[in-house]
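Subject: Structure handover

Hello,

Here is the structure for you to look over. My notes follow it.

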Amino acid sequence: MASFTLRNLFSRLRNPRPLHRCGVYRSAREDRLSSKQTLTWCRWSHETTSIPHEKQNSHFHNSKVPQTPTWEPVSEDHLPPPTQVPLDLVDKLERLALVDFRNQDAVACLEKAIRFADQLHVVNTEGVEPMDSVLEDRALYLRDDCVVEGGCAEELLQLSKNTVEEYFVAPPGNIPLPQRDERTAMLKDSELKLKF
Amino acid sequence: MAASSMGLCTVVCNINRKITTRYPRIFSLNTCHHVCRKSFGSSTQRCHSQAQIRKKSVPQQLVGVVGLEVHAQIHSNTKLFSGSQVRFSAPPNSLVSFFDASLPGALPVLNRRCVEAAVMTGLALECTINRKSLFDRKHYFYADLPAGYQITQQRLPIAVDGRLRYSHLAGRKQNQVVTKSVRIKQIQLEQDSGKSLHDDSRSQTLIDLNRAGVGLMELVMEPDLCCGEEAAAAVRELQLILQTLGTCQGNMAEGQLRVDANVSVHRPGEPLGVRTEVKNINSARFLARAIDYEIQRQMEVIGSGGTVLNETRAFDYKSGQTFPMRDKEGLQDYRFMPEPNLPPLLLYDSETAPPPQGVDPQQVVLIDAVRKTIPELPAVRRERLVDTFGLLPEHSFTLVNEDGLMDYFVGVASQTRAEPKKVIGWVIKDVLGLLKQQGLNVSQSPVSPRRLAQLLDLLEDGRVSSSAAKLVFLELWKGTGRSPAQIVEEQGLGMMDDSAEIRRICQSVIDSHPEEVRAIRTGNKKVLNKLVGLVQKETKGRADPVRVRAILEEGTS
């Protein structure tokens, strides 16, 4: 699932058509514009016509992301049964993320978010190899083992709120996560909570 | 697993202090492990003695099962994905690039040297090298991992299905070489984390990112080991191999080689027991002790009807015990996902899988080319020593396992007329003995191979006796720069040639020891040795013992 970009998902949902490969939806419009590929989409160009080098660097930016969002509801009976979030899972999520769901509304909101993602199940991935990234057909660049970076401690330390000598300062780590009641007290005074 | 343990190294000492008060019961555990640890000290037949203890304490014949995860820091100039330098004990945060500090937008660029090192290590350990391998993100939160994830190779690592062959000495006299092997499940490339210094008094953690992003090879072994001694021998051999290859410097004290041990006990034939993971082990010796302690502890837990908990434990080298490190709160969810910024790593082979035409050779790692650069491995070296010099296998072990000692031996053997079998005694007993005693490396030896060779020549030519040679050797050890011949000359340690003088000394010994002479005359020939010794004392060991013996026999008959 991780292999599908939202763009692909939206394309499929909008207009389910056979996949060209690896979940890249090939619309007529894209074919038409294939001579204006950007570098990001070079892989595409391998498969279509070869493009003169200058044109690849064309200032014309051909984004594959639709310019305006489109939406089409998916009927409930296409989706798997809704996920119920048990309390102990809520508790675990709260502890890991140090967020506070606290009331039933928040849990309902979480469940709604999961329900939203459930729509991914509708996408037909039959026979489609999962795709890690749009770069997966590109050669991995290998660098020479020469020192060219570093020596910028001062610059980096400036970014830190709290430093001691040349160290970054962090709160003590790997202490057990606070228990439920301690956490409530912590969240009450937390600056973080104000933001949420 | 890797990174989470690293930051903890520094905190252990602090924890230990608290643990002593918090977990006093651990320290009063069954006394069996003391016995076990004592036998370890002499390292004689540890596996055997342990088996005997097992029989006594737990009748059901539980055995230990040990699997290791080794993190080897790749010996490279720069980090795995950034061009900042790799160096131990540099000023804090001086070796950090924007990528290492995970500033937004900084991207990983793979270091070719690290790829080659992993391929070479994989080949040396008989692995299958994956022509295609993938990078993944492993998420966990710790201050010395600024990105919140570690780039590793979870799904498809660079090398799989290898084997590490190792040997250790066994038998009553530690003179039997037992060769075993442990399967290597996989070798994966991954990033090291930064280091955390815990300041408990101020309740803060100081973060140094110099180590963040250094290339690691994580070697995952199958649980083929049964005790601490085997694990220590396997790690020692792995260390030697890595050092020989130059892919890792292997200094455990500096954290270049870090070992986590997964330990469980079960009855043979039954499924494996619940395992614990022992971390924070920084030498092969402590590894053996930690594992043996942990096996013993688990046997006692089971023997007394308890159950072993799946937990992470740390080893305290001072008390020789392991203690629980933290609760895992269920299985940790690392949320593995493909690393989107790195395409698959493809490797080529000029014969079977040549790179596509027109690809820059600098961008290609050829497996067969790497294979050709693998130097002679320790096992082959030992074999060669046995074949070339007719040494005993256990001597070849000592020579190869001690850094530089093999070259020292070969240096002496090639410059002297003495037999290699005589040379080996001097090199191992005298040179190595004194080096160990004084805590020196072979390279720091005050006696050079050439000087020792000269001394052995004097001995070989009969110009000094063997006891006088020891005196000359001790004089050489002082490092005055004089040659063995000069020392013999100056201190009058040369063999006594003067027959009359030897006879005179022998006679005076006979005259002054009537009791002994009577004993010899009544048939107790052993007493003769005492007289020989007395004569040698008189001559400072300069007389030929065979000759002295003959004269004394004559005089007492």
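In chain B, the C-alpha centres of domain 1 and domain 3 lie 61 Å apart. The domain assignment of chain B gives three entries: domain 1 (48–92 + 107–193 + 212–338), domain 2 (378–490) and domain 3 (499–556). These bounds come from an automatic or database domain assignment.

Ground rules. This is a predicted model, where local features need pLDDT of at least 70 and side-chain atom pairs count only at pLDDT 80 or more, while totals for chains, interfaces and linings use all residues; side-chain values use heavy atoms, with hydrogens and water left out. Residues are numbered from 1 along each chain as its sequence is written, with chains lettered from A and ligands numbered from 1 in the order in which they are written.

**Interface of chains A and B**

The contact (heavy atoms within 4.5 Å) takes 53 residues from chain B and 37 residues from chain A. The area buried between them is about 3,700 Å². Buried area is the accessible area (1.4 Å probe) that two parts lose on being put together, summed over both. Carbon and sulfur atoms give 57% of it.

Across this interface there are 18 residue pairs in polar contact, both residues at pLDDT 80 or more. A polar contact is a pair of N or O atoms within 3.5 Å; within protein, one must be able to donate a hydrogen and the other to accept it, and residues adjacent in sequence count only if both atoms are side-chain atoms.

Which elements of chain B supply at least two residues each to the side that touches chain A? They are strand S2 (110–111), helix H6 (112–124), strand S9 (195–199) and strand S10 (204–208). Helices (H or I, at least four residues) and strands (E, at least two) are DSSP runs, numbered from the N terminus. The largest share, 5 residues, comes from S10(B). By class, this side of chain B has 28 nonpolar, 18 polar and 7 charged residues. Here Ala, Val, Leu, Ile, Met, Phe, Trp, Tyr, Cys and Pro count as nonpolar, Asp, Glu, Lys and Arg as charged, and the others, Gly among them, as polar.

**Salt bridges**

The rule is a side-chain nitrogen of Lys or Arg within 4 Å of a carboxyl oxygen of Asp or Glu. The count over all chains is 34. Across the interface of chain B and chain A it is 1. Asp144(A) pairs there with Arg112(B), the closest N and O atoms being 3.1 Å apart. Asp144(A) lies in the loop between S1 and helix H7 (153–157) of chain A and Arg112(B) in helix H6 of chain B, so the pair joins two chains.

**Strands that cross the interface**

Two strands pair if DSSP finds at least two bridges between them. Strand S1 (residues 142–143) of chain A runs parallel to S2(B), joined by 2 bridges. Arg143(A) stands opposite Asn111(B).

An open sheet of 4 strands also draws on both chains, with antiparallel pairing in the order S2(A)-S3(A)-S10(B)-S9(B). Its edge strands are S2 (163–164) of chain A and S9 of chain B, each pairing on one side only. S9(B) and S10(B) share 5 bridges. Leu197(B) is opposite Leu206(B).

**Strands within chain B**

An open sheet of 3 strands has the order S6-S5-S16, again antiparallel. Strands S6 (149–152) and S16 (337–338) stand at the edges, each with a single partner strand, so one side of each has no neighbour in the sheet. S5 (residues 136–139) meets S16(B) over 2 bridges. Arg137(B) has Met337(B) as its bridge partner there.

S7 (residues 159–170) pairs antiparallel with S3 (residues 128–129) over 2 bridges. Thr128(B) partners Val160(B). S7(B) also runs antiparallel to S8 (residues 176–191), with 11 bridges. Gly162(B) partners Ile184(B). The hairpin of S7(B) and S8(B) has 5 residues between the strands, and Gly171(B) takes a positive phi near 95 degrees.

Best wishes
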